[in-house]
Each structure stands twice: as C-alpha cells, then as structure tokens.
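Please keep the sequence and the structure in view while reading.

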Amino acid sequence: MFSDGRLCFGGDYNPEQWPASVWAEDVALMRQARVNLVTVGVFAWSRLEPAPGRYTFDWLDEVLDLLHAGGIRVALATPTASPPPWFSAAHPGALPVTADGVRLHHGSRDTYCAAAPAYRTAALRIAGALADRYAHHPALALWHVHNEYGTICHCEHTARAFRRWLADRHGDLAALNDAWVTSFWSQHYSDWAQISTPRATQYLANPGQLLDFRRFWSDTLLAAYREQRDLLHAANPAIPITTNYVLGDWVPVDHARWAAEVDLVAVDHYPSAVDIGAEEQTALVADLARGWARHGNRHRGTTGPTGRASAWLLMESAPNQIHTAGRMHTKEPGRMIRHSLAHVARGSHGAMFFQWRAPTGGAERFHSALVPHAGPDSRVFREATELGAALQQLTEVGGDVEATVAIAVHAPSGWALRHPGLPSQRLDHQQETAAAHRALWHAGHGCDIVLPGDPLDGYRLLVLPALYLVSDATAQWVREYVEGGGHLLATYLSAVADEHARVRLGGYPGALRDVLGVWVEEFHPLAEHDHVRLHGGGTGRIWAESLRLTGAQVIDAYDGGVLDGRPAITRHRTGAGTAWYVSTRPDDDTYRRLLDEVARSAGVTPVCPGAPAGVEAVRRRGDDASWLFLFNHTDSPQQVPARGTDLLTATPVDQVVQLTPGGVAVLREH
Ligand code: GLA
C-alpha cells in the first residue's frame with residue numbers, strides 16, 4: 001500500500017458517529033499510536049446522502065483534510081452495505097427476501113437485494129459522487145468498496161437474474177436438466193420461467209440447483225462490486241481498489257474467483273475460538289488469504305497469478321473481545337499483537353482493526369475498539385501503541401512465505417457438502433481443510449493454500465481435504481502431479497462427485513480411484529460421539545469406509561467393529577509419486593503424526609526444526625534476505641535455536657532466541 005514498504009496499521013474510523021470536537025483528538029491519538037491508514041465512511045450513506053441525490057460532504061471534507069494534515073492515509077469506503085431508510089421506503093421491492101419468502105425490513109444493515117436494479121443504481125450513484133469529489137484527494141490511498149459482500153436474496157429480481165445466468169452457463173434446458181438430474185422426482189424443466197431460486201420447499205432440495213444458485217449469487221455480488229470498481233478506477237486509475245472479504249462457511253462468495261478483480265485481497269478475521277484454536281485459525285486464514293491473492297490480484301508490483309508472491313491485507317480484526325459461544329471473551333494481554341504479527345508473517349501488508357473508537361450506541365456498542373469506552377488510558381490502547389511501534393520495525397520484511405506443502409480448497413466443494421441428503425450432516429470441506437492445516441501447523445510445516453488447477457511446482461506434498469467435487473480436469477491435474485513424482489494425501493469423500501455434484505459411478509473415490517489405488521465400496525458414517533479405533537493406536541471420527549486395495553498398501557487398519565482389519569489409511573506408489581488415502585478423520589494427535597510422517601517422507605522439513613512445541617515459526621524469503629517469525633503461544637519462556645538480528649528489539653541473536661511467555665521475535669537471518 002505504501003510505496004516505502006511501511007506496513008498498514010489502523011482500522012475502521014467512523015467520524016460520522018462523533019461530534020466534530022472529537023476528530024482532532026482522534027487524529028492526535030492515531031499519531032501517538034502510529035496509525036497510518038483508516039477506513040472511512042463504511043456505513044455513512046445516510047450521513048453522506050440524507051435525501052436522494054442531496055449530498056452533504058462538508059463533514060467528510062473536514063475529516064479527510066484533518067487526517068491528511070496528520071499524515072494518515074485513507075481507505076475511502078463506498079457506503080453501499082447499508083442503504084438509508086429513505087431508500088428502503090422508496091424501494092420496498094429492493095428489500096431482501098429470505099428462502100421462506102419473507103421480505104426483511106429496514107432496521108439493521110445489508111437490507112438490500114444485490115440483484116435489484118433500484119439498489120444497484122443508488123449504489124452506483126453514491127459511489128460516483130464520492131469518486132467525483134475525492135478521487136484525487138491527497139489522503140486517498142485505497143478505495144474500499146462496500147463491506148463484506150455476502151448476503152443472499154430470493155426475490156423476483158434474483159430469480160430473473162438466476163435464469164439468465166443459468167442460460168449462459170448451460171446453454172439450453174436439456175443441458176440444465178442433465179446437470180441437475182431432474183429426472184429424479186419429476187423435476188424436468190420445459191421452460192426457463194419454471195425455474196426459481198432454491199426457495200423453501202417441501203422436502204430435500206435439488207443439489208444441482210443449490211450449487212448453481214451459490215455460484216450464480218457469487219457472480220451477482222461480484223458484478224455489483226465490479227460496477228463500482230470500474231467507476232472508481234475511471235475517476236483515478238492510480239488508486240488501488242479492494243473489498244473486504246467476510247469469512248465463514250455460510251458465505252456465498254467464491255473468494256478465489258474474486259481475487260482477480262481486486263488490487264489487493266483484503267480479509268476480515270475474527271477467530272471463533274478463544275484457546276490455541278484462535279492461533280490455528282489465524283494461521284489458516286492468513287494462508288487462505290495469501291492463496292487467494294496469488295490468484296491474480298491486479299495490484300502493481302506483485303507477482304501475479306502463477307508466481308507465489310501476492311498482496312493481501314488483514315482489513316479487520318478485533319483489538320480485544322471476540323464474541324463467541326454466547327459471550328464476549330477478553331483477549332489476554334499480548335494476544336492482539338501476536339495475532340497481528342502472525343498475519344504479517346504470512347504476508348499481510350499490515351494489521352487493521354474494527355474499529356478505531358468504541359461507539360456509545362448502535363448494535364455493536366460493545367464491540368472492542370483501539371480506543372475503548374474507557375478511553376486511551378487503557379491496556380488496549382497501550383498495546384495498540386506497542387503494535388504500531390512493532391510494525392514500524394518490520395518495514396524491511398518482504399518476500400514469500402516458505403511452504404512446500406499445498407492444501408487444495410474449493411468453495412463449491414464446501415457448498416456441496418452442506419446440501420441436504422448427504423450420507424452425514426457432519427461433512428465439511430472447511431473443517432477438513434482446517435484439520436489438515438492444524439495438523440501440519442502443529443508439526444511445524446509451512447503450508448500454501450492452492451486451488452484445483454494451480455501450478456504445483458515446488459510443492460512436495462498436496463493435500464485434498466474432502467475435495468468432494470472433482471471435474472475430469474481436476475482429476476487430471478492431480479494425476480499428473482503424482483505421476484510426475486509428487487506426494488498426495490487425499491481424505492475421504494474426495495472426488496466422489498463431478499462439478500455438477502453428480503455422483504461418479506463405479507465405486508468411490510470416483511475420479512481418483514486409479515491414483516489412490518483403492519476402491520471404496522460402502523460408507524460407514526459415524527454418529528456424533530462415535531469413534532472407530534485404529535490398529536496404530538489412534539481413533540477416527542465422523543466417517544469410516546469399507547475399502548478394497550487395488551494397488552495401494554495398508555498403513556493403518558480399523559480395529560474392532562464391522563470394519564475390523566479393513567484398511568483405514570493406505571499408500572499407493574504410482575508413476576514417480578506416492579498417493580495416501582485417509583478414509584476417516586483421525587484424532588488430532590494421530591493426524592499430526594501422520595501428516596508429519598507423510599510430509600517428511602515427501603522431503604518436507606519443518607520451518608524451524610529446533611522449535612519447541614507451542615512455538616510457531618514462519619519464514620519469509622526475499623531475493624537476498626530471509627526473516628524468521630517466532631511466536632511463543634505457551635505460558636512459559638521458550639528458547640529457540642536461531643541466529644540473526646531481532647528486528648523488534650534491534651538486538652543480535654547468536655545461538656538462541658529467548659521468547660517470553662506469549663512473546664514474539666522477528667529475526668533477520670544471517
Ligand atoms: C465485520 C464488519 C464490521 C463489524 C465487525 C464486527 O467484520 O465488517 O462492520 O460488524 O464484523 O465483528
């Protein structure tokens with residue numbers, strides 16, 4: 001973002017919620033904390049356009065000028081995620097409709113249908129007015145379009161757009177009927193007008209329709225983003241443009257496909273765990289963001305679609321409390337800094353927060369902020385100031401993250417595994433991805449997230465975590481990788497269905513039976529608290545299978561029950577490579593040991609072989625330097641063998657880094 005390599009630090013700033021008298025103090029405090037970038041105006045539509053076509057920019061002029069005078073740059077948002085009440089009153093037909101046919105009312109945010117022409121017109125109008133006024137403002141560093149695209153609608157506008165999209169995708173009704181297998185339950189469509197969005201229905205819905213609706217909706221939201229982006233770009237092509245991704249398995253957006261449309265991938269991350277799970281999730285999300293960013297963001301100076309380096313930014317995170325399991329959990333001292341630097345270690349161009357100052361009212365009145373209700377004389381603000389200083393020390397860090405393991409993720413596979421009528425309701429591509437990533441993270445191995453079809457040069461191990469939808473092209477991509485000498489680990493349910501979610505015949509795992517050297521005859525989904533024992537001493541949960549070997553050898557077998565003695569984990573040497581198959585979800589310890597063994601047998605070495613348990617190591621490699629990030633996630637001091645200069649303390653390290661409990665070190669390595 002900054003041409004001098006400075007990392008971004010700041011967050012959502014909502015001056016419209018405060019009297020002008022607070023703004024000067026805001027800028028003074030931002031300077032004190034070394035904040036250098038703030039997102040302004042995300043939800044300020046009713047303040048910017050109090051009546052249709054009547055704009056009040058005076059307050060924003062003043063705020064931007066104040067920020068500029070203070071040396072703080074601005075990510076100026078288009079406020080289109082929260083239309084004002086006048087819009088909803090004038091266009092009730094643009095309010096969103098749920099799958100049950102209920103039209104939602106104004107009163108929160110995101111009360112619009114992204115396919116409604118009136119909404120799209122109003123959104124473009126306010127975006128255009130902002131572009132006209134601020135595209136050349138000296139404080140402007142980045143356009144931030146909308147906020148967290150992700151809400152769904154089932155209104156008639158949507159249904160019409162869905163039919164158009166389907167006609168484009170399938171060409172004719174015969175192809176659609178074939179893809180959706182409408183011969184089942186008399187669903188054959190003889191006219192496009194008969195097709196609706198997958199509204200609430202009597203019993204199980206059609207999986208092909210559900211899947212295409214998700215794809216369509218992701219494309220519809222993307223079209224809404226693109227319209228605004230093109231308008232902003234035309235106003236000043238020098239200003240990069242992004243939108244912040246919201247994460248979660250409910251999100252109907254294929255973020256990977258969006259990456260080519262933004263100049264910088266921006267993600268919001270609020271871990272749902274409060275224990276070590278928060279660190280595991282942080283690592284996964286940062287690896288995901290980097291993986292998406294490799295998919296061709298347009299940002300100048302980045303490597304592009306196939307190279308590894310890529311630009312992304314942690315756009316929102318929580319300075320303190322996170323809301324999980326029915327309560328707010330206060331972050332322990334030091335944790336905000338550790339999480340932020342863990343994102344930076346994995347390539348984020350900084351650490352941004354929601355939000356700058358805690359509001360007195362509104363739905364998120366107790367959401368944490370860099371300036372909390374208690375004011376700046378507070379632990380959180382002091383830690384924010386420490387973080388600002390730490391980020392300044394890391395300006396020189398660059399290059400790519402060291403990783404020779406790739407995990408393949410695929411949003412449509414995630415969506416398809418949430419459909420009704422599957423053999424278990426506990427199947428989850430995201431959870432399987434997280435389990436594999438967690439196992440590798442605990443074993444100390446660096447991971448990249450890739451998409452089916454990505455170049456795999458340089459990766460020694462490819463993991464397919466319940467990659468359910470595998471097209472012929474994806475199967476060929478896997479086959480070529482293994483035959484060329486790659487190591488593969490695929491888990492249950494991978495390659496079972498094609499790209500339309502139609503089950504492949506002839507035995508599971510459909511398209512990859514030959515590569516894996518196994519033939520799965522029957523599934524044995526497990527009940528919630530059930531497990532299967534493995535001969536090697538571990539357990540498996542969620543799922544088990546009866547499989548036959550067609551070339552693979554047994555690495556571990558089921559122990560007891562109907563599957564007693566049958567293969568559970570197998571290995572197949574094929575071509576110049578090796579393909580492992582895991583037919584259950586091993587417990588975390590077993591999975592860590594297994595993935596460590598598989599990785600090592602593939603020639604993968606941990607990032608920092610001497611790091612003790614609980615210490616995370618991430619290495620960045622530039623053209624002529626490397627940097628080692630070390631995070632102590634334990635409550636005790638830890639020692640790590642390493643050499644270099646700790647950039648955070650500016651001290652040389654000869655043999656061993658001493659990490660305080662919860663501490664971080666960033667070494668420029670010799
Ligand atoms: C999201 C939104 C913010 C805010 C936070 C709260 O990331 O973008 O506006 O609602 O969640 O966690």
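The sections below treat the basis of the model, its sheets, its helix packing, its aromatic pairs and its backbone features.

## Basis of the report

This is a predicted model, in which local features need pLDDT of at least 70, side-chain atom pairs count only at pLDDT 80 or more, and totals for chains, interfaces and linings use all residues. Residues are numbered from 1 along each chain as its sequence is written, and side-chain values use heavy atoms, with hydrogens and water left out.

Helices (H or I, at least four residues) and strands (E, at least two) are DSSP runs, numbered from the N terminus.

## The nine-strand sheet

Strands of a sheet pair through backbone hydrogen bonds, either parallel or antiparallel. Here two strands are said to pair if DSSP finds at least two bridges between them. Nine strands form an open sheet with parallel pairing, in the order S5-S4-S3-S2-S1-S11-S8-S7-S6. Its edge strands, each pairing on one side only, are S5 (241-242) and S6 (244-245).

Within this sheet, strand S1 (residues 8-13) and strand S2 (residues 37-40) run parallel and are joined by four bridges. Gly11 stands opposite Val38 in S2. Helix H5 lies across strand S3 (73-77) and S4, and runs at about 175 degrees to S4.

## The ten-strand sheet

A further open sheet has 10 strands and mixed pairing, in the order S14-S13-S15-S16-S23-S22-S21-S18-S19-S24. Strand S14 (447-450) and strand S24 (585-586) are the edge strands, as each pairs on one side only.

Strand S15 (residues 461-464) runs parallel to strand S16 (residues 487-491), and four bridges join them. Val463 stands opposite Leu489 in S16.

## Packing of helices

Two packed helices are described by the angle between their axes and the distance between the axes. Axes are lines fitted to C-alpha atoms, for helices over the stretch in contact, and angles run from 0 to 180 degrees between N-to-C directions. Angles under 35 degrees count as roughly parallel, over 145 as roughly antiparallel, 65 to 115 as roughly perpendicular and the rest as oblique. Contact means heavy atoms within 4.5 Å. For residue classes, Ala, Val, Leu, Ile, Met, Phe, Trp, Tyr, Cys and Pro count as nonpolar, Asp, Glu, Lys and Arg as charged, and the others, Gly among them, as polar.

Helix H1 (residues 20-33) and helix H12 (residues 379-393) have axes that come within 8 Å and cross at roughly 55 degrees. H1 is therefore oblique to H12. Leu29, Gln32 and Ala33 of H1 make the contact with Phe381, Ala384, Thr385 and Gly388 of H12. This contact of H1 with H12 has four nonpolar, three polar and no charged residues.

Helix H14 (residues 429-442) packs against helix H17 (residues 588-601) at an angle of about 70 degrees, with the axes 8 Å apart. H14 is therefore roughly perpendicular to H17. In H14, Ala435, Ala436, Arg438, Ala439, Leu440 and His442 meet Asp588, Tyr591, Arg592 and Leu595 in H17. The contact of H14 with H17 comprises six nonpolar, one polar and three charged residues.

Helix H3 (residues 58-69) and helix H5 (residues 117-134) pack at about 50 degrees, with their axes 12 Å apart. H3 is therefore oblique to H5. Leu60, Asp61 and Leu64 of H3 form the contact with Leu130, Arg133 and Tyr134 of H5. By class, the contact of H3 with H5 has four nonpolar, no polar and two charged residues.

## Aromatic pairs

Rings of Phe, Tyr and Trp (its six-membered ring) pair if their centres lie within 6.5 Å; planes under 30 degrees apart count as stacked, over 60 as edge-to-face and the rest as tilted. By this rule there are 27 aromatic pairs. Tyr149 and Tyr225 form an edge-to-face pair, with 6.4 Å centre to centre and 85 degrees between the planes. The pair links distant parts of the chain, 76 residues apart: Tyr149 is in the loop between strand S4 (140-144) and helix H6 (156-170), and Tyr225 is in helix H8 (residues 207-235).

## Backbone features

Most residues other than glycine have a negative phi, and most peptide bonds are trans. The peptide bond from Phe354 to Gln355 is cis, with omega near 25 degrees. Gln355 is placed in the loop between strand S11 (348-353) and H12. Tyr508 and Pro509 are also joined by a cis peptide bond, with omega about -10 degrees. Pro509 is in the loop between S16 and helix H16 (513-516).

Ile542 is not a glycine, yet its phi is positive, at about 65 degrees. Ile542 is located in the loop between strand S19 (539-541) and strand S20 (545-549).
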